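Open the model in your viewer and keep the selection tool handy. We will go stop by stop.

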Amino acid sequence: MKTKLSIALLSKNSESHIANCLNSVKWADEIVVLDGHSSDRTREIAAQFGAKVLEKDFDSFPAQRQYVMEQCGNDWILSLDTDMIVPTTLANEIQALMERGPDCDAYLMRCLNHFLGKEIKHCSWFDFRFLRLFNRKSGSYDLNDKILDSFACRGEIGKLNNFLVHHQTESLEEYLQKMTRLFAPLTADEYISKGIKIRAWNMPWYFTIRPALIFLYKYFWKRGFMDGIPGFIICVNSAILYYLIFTIIWNRQKGKPTYHLEQYDYNP
């Protein structure tokens, strides 16, 4: 008996590309879209594809994933973003798997990212690090996390041969803004909740050594240099992101600064 599959999709202001995503998964038994109060035609387009469209204020990425997963009518879930597409090769592999019945509780897959107009096959971005196809009964998302939204499976995990495609929809400026205004602060929250503290003795590690090691790991060990200038930018951004995370943690520990302006001769 065929195993039914639901698509769980997060969206916000995605009218320019959500149709591509939905077209690539129209073979699924169900599509559920959780929208973050889009101001464009995202919800309307999703409804045109027969999707079940829901709305919810943003809490965190794991919380959004968990919520939309729980609204699905089938236990097997393919969790996606609107700037992803499922190529025919991967769609055929998943459909064949559902037809014969899964032999694992979840499946890792690679994702071919497009960044600044280039396919990124290194920088660790093309590793098996996407657990997007799973039986929801086998685990859940960690709601204590803020950014990391990987499904935590308690059962057996397999690998798929084919890959997702993720195309960068933001400009580089928009990507950097998201990194500084969203990823860095939320990850700082996450690290603070896990007990990370910045002290004078560990500042060199967190502010210089660790970011430098992240760059070296991605650029040389994971061969980011083979992705040209976009690969270099990715590796530098990864290092900068961690530097920002730890400076935010330090700043929050320090609290609101006091400037003692009364020491200056001025007329307020």
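**Stop one: a strand pair**

Select Met 84: its bridge partner is His 166, in β13. This is a predicted model, where local features need pLDDT of at least 70, side-chain atom pairs count only at pLDDT 80 or more, and totals for chains, interfaces and linings use all residues. Residues are numbered from 1 along each chain as its sequence is written, and side-chain values use heavy atoms, with hydrogens and water left out.

Now show β5 and β13 (residues 164-167); two bridges join them, and they run antiparallel. Strands here are DSSP E runs of at least two residues, helices are H or I runs of at least four, and both are numbered from the N terminus. Two strands pair if DSSP finds at least two bridges between them.

Widen the view to the open sheet of four strands, in the order β5-β13-β7-β8, with mixed pairing. β5 (84-85) and β8 (118-120) stand at the edges with a single partner strand each, so one side of each has no neighbour in the sheet.

**Stop two: salt bridges**

The whole structure holds twelve salt bridges. Each puts a side-chain nitrogen of Lys or Arg within 4 Å of a carboxyl oxygen of Asp or Glu.

Select Arg 43 and Asp 35, which meet at 3.0 Å, N to O. Is Asp 35 buried or exposed? Asp 35 is buried, at 0% relative accessible area. Arg 43 is partly exposed, at 27%.

Notes: Buried means under 20% relative accessible area, exposed over 50%, partly exposed in between (1.4 Å probe, protein chains only).
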